Amino acid sequence: MEKAYFSGIRNRIIPCLDNATKKIQVAMAWFTSNELFEALINALNRDVDVELILLDNAINYMYYAPDFNEFIKAGGKLRIAGAEVGFMHHKFCVIDDSVAITGSYNWTYYAETRNVENIVISDNSDIVMLFSAEFQRLQNLLSVSSSYSRLSWDDIEQRDDVDYRELNYEIEKICEVQNRPVRRFFETKTEVVKTEIKKTAFAKYAIGIQALDDNGRVSFNPFITSGTKLPYHSKETEFFYDSKNMKEFPCLFIYGNPNNVKEWNLIKEADLMQVAMGTSDVNLPIKISMSLDDNGSLRVDVSCSKSGQKLTISKLDSKFVKYE
């Protein structure tokens with residue numbers, strides 16, 4: 001059986017909680033409904049094992065919300081889901097390992113009286129098992145809380161995780177139900193201005209290939225020079241080599257100081273015969289270009305127009321970049 005509901009949702013959930021005989025597991029982002037809280041307390045008084053995972057959020061800590069210390073005192077197991085598990089946005093419960101309730105509905109007055117919401121109630125064993133497994137996964141990551149800290153008015157006004165419009169609506173509805181005087185929260189008077197200082201990225205080293213100069217001496221042929229502003233894409237440079245008589249043609253991609261061979265460092269060695277497949281030419285033209293972005297992602301593109309072959313070499317290394 002699977003049924004979907006789009007109105008009167010709280011009154012659909014409470015009978016399910018009231019029918020629990022063994023276990024209730026709830027993972028809820030926001031929880032302010034005193035009626036649903038009382039249903040959990042009643043279940044605990046019937047010796048039902050009740051466990052609750054609650055999002056670490058100011059709305060759940062305010063004095064107008066249920067006092068989850070009462071839940072702990074009644075024998076409930078409370079876990080607070082902080083940043084270590086990601087933003088715990090779940091809204092589900094599993095009852096007696098046989099029924100799952102899930103949907104868009106938070107257990108709040110905002111969800112009950114203002115939002116357009118939904119839940120699905122399912123006794124499909126496969127669905128129930130999946131939600132039980134997810135609860136178990138979170139349960140294994142979080143420790144049981146021995147107490148629950150409620151936040152003062154001033155504490156809440158200084159937090160940066162508060163939706164004040166939603167918070168004030170919750171308070172109005174709670175006070176209406178409980179016949180209590182209403183007090184509104186206002187956005188904090190302390191304004192925090194965050195300024196991001198952007199730095200410019202430059203190539204820290206020259207990057208290129210080890211080649212032979214016109215006199216047959218080993219040289220550093222840079223495609224990217226030290227101090228080049230990033231991101232940067234070099235022009236294509238054309239080289240010629242003997243693909244007819246060579247079985248392999250290794251090419252060394254290096255970085256460092258072109259003027260000091262002791263400061264040359266190998267990035268990667270590649271066999272350029274890969275782009276000469278199907279050719280036999282004494283002077284085969286090979287084109288090479290390089291690009292480097294501001295994260296240190298290096299890309300080398302090698303191509304041969306005669307063979308139609310291409311080779312791409314990539315390397316990500318933050319040491320290629322400096323910021324000023």
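**Notes on the predicted model**

1. Let me start with the helix pair. On the α1 side, Arg10, Ile13, Ile14, Leu17 and Asp18 meet Glu35, Leu36, Ala39 and Leu40 of α2. Sorted by type, the residues of this contact come out as six nonpolar, no polar and three charged. Bear in mind throughout that this is a predicted model.

2. Now the geometry of that pair. The axes of α1 and α2 are 9 Å apart, and the packing angle is about 5°. With angles under 35 degrees counting as roughly parallel, α1 and α2 are therefore roughly parallel to each other.

3. Next, the sheet. Seven strands form an open sheet with mixed pairing, in the order β1-β7-β6-β5-β2-β3-β4. At the edges sit β1 (2-5) and β4 (77-81), each of which pairs on one side only. From one strand to the next, the twist averages 10°.

4. If you want one to check on screen, Glu51 has Lys77 in β4 as its bridge partner.

5. How does α1 sit on the strands? Helix α1 (residues 9-18) lies across β1, β2 (23-28), β5 (91-95), β6 (99-103) and β7 (119-122). Relative to β7, α1 runs at about 25°.

6. On to the cores. The largest nonpolar core has 67 residues, and the members touching the most others are Leu17, Phe31, Phe71 and Trp107. Helix α2 (residues 34-45) gives the most to this core, with seven residues. There is also a second, separate core of 31 residues, with Ile224, Leu230, Tyr255 and Ala270 among its members.

7. Besides being part of the α1 contact with α2, Leu17 touches Ile24, Leu36, Ala39, Leu40, Arg46, Cys93, Ile95 and Trp107, not counting residues up to four places away in sequence.

8. For Asp47, in the loop between α2 and β3, phi is about 65°. For Asp97, in the loop between β5 and β6, phi is near 55°. Are they buried or exposed? Asp47 has a relative accessible area of 71%, so it is exposed; Asp97, at 44%, is partly exposed.

9. You'll find Val162 in the loop between α7 (153-157) and α8 (164-178). Its relative accessibility is 15%, and the cut-off for buried is under 20%, so Val162 counts as buried. Leaving aside neighbours within four places in sequence, its contacts are Ala58, Ile156 and Leu167. The C-alpha atoms of Val162 and Asn57 are separated by 7.8 Å, although these two residues are 105 residues apart along the chain.

10. Pro231 lies in the loop between β10 (218-224) and β11 (232-233). Leu230 is also one of the residues in the second core.

11. Last, Ser291, which lies in strand β15 (residues 284-292). Its relative accessible area is 16%, so Ser291 is buried. Neighbours within four places in sequence aside, Ser291 is in contact with Ile224, Tyr232, His233, Ser297, Leu298 and Arg299. One of these contacts, Ile224, is included in the second core.

Terms used:
Residues are numbered from 1 along each chain as its sequence is written. This is a predicted model: local features need pLDDT of at least 70, side-chain atom pairs count only at pLDDT 80 or more; totals for chains, interfaces and linings use all residues. Side-chain values use heavy atoms; hydrogens and water are left out. Two strands pair if DSSP finds at least two bridges between them. Helices (H or I, at least four residues) and strands (E, at least two) are DSSP runs, numbered from the N terminus. Axes are lines fitted to C-alpha atoms, for helices over the stretch in contact, and angles run from 0 to 180 degrees between N-to-C directions. Contact means heavy atoms within 4.5 Å. A nonpolar core is a set of buried Ala, Val, Leu, Ile, Met, Phe, Trp, Tyr and Cys residues joined through side-chain atoms within 4.5 Å. Buried means under 20% relative accessible area, exposed over 50%, partly exposed in between (1.4 Å probe, protein chains only). Angles under 35 degrees count as roughly parallel, over 145 as roughly antiparallel, 65 to 115 as roughly perpendicular and the rest as oblique. Ala, Val, Leu, Ile, Met, Phe, Trp, Tyr, Cys and Pro count as nonpolar, Asp, Glu, Lys and Arg as charged, and the others, Gly among them, as polar.
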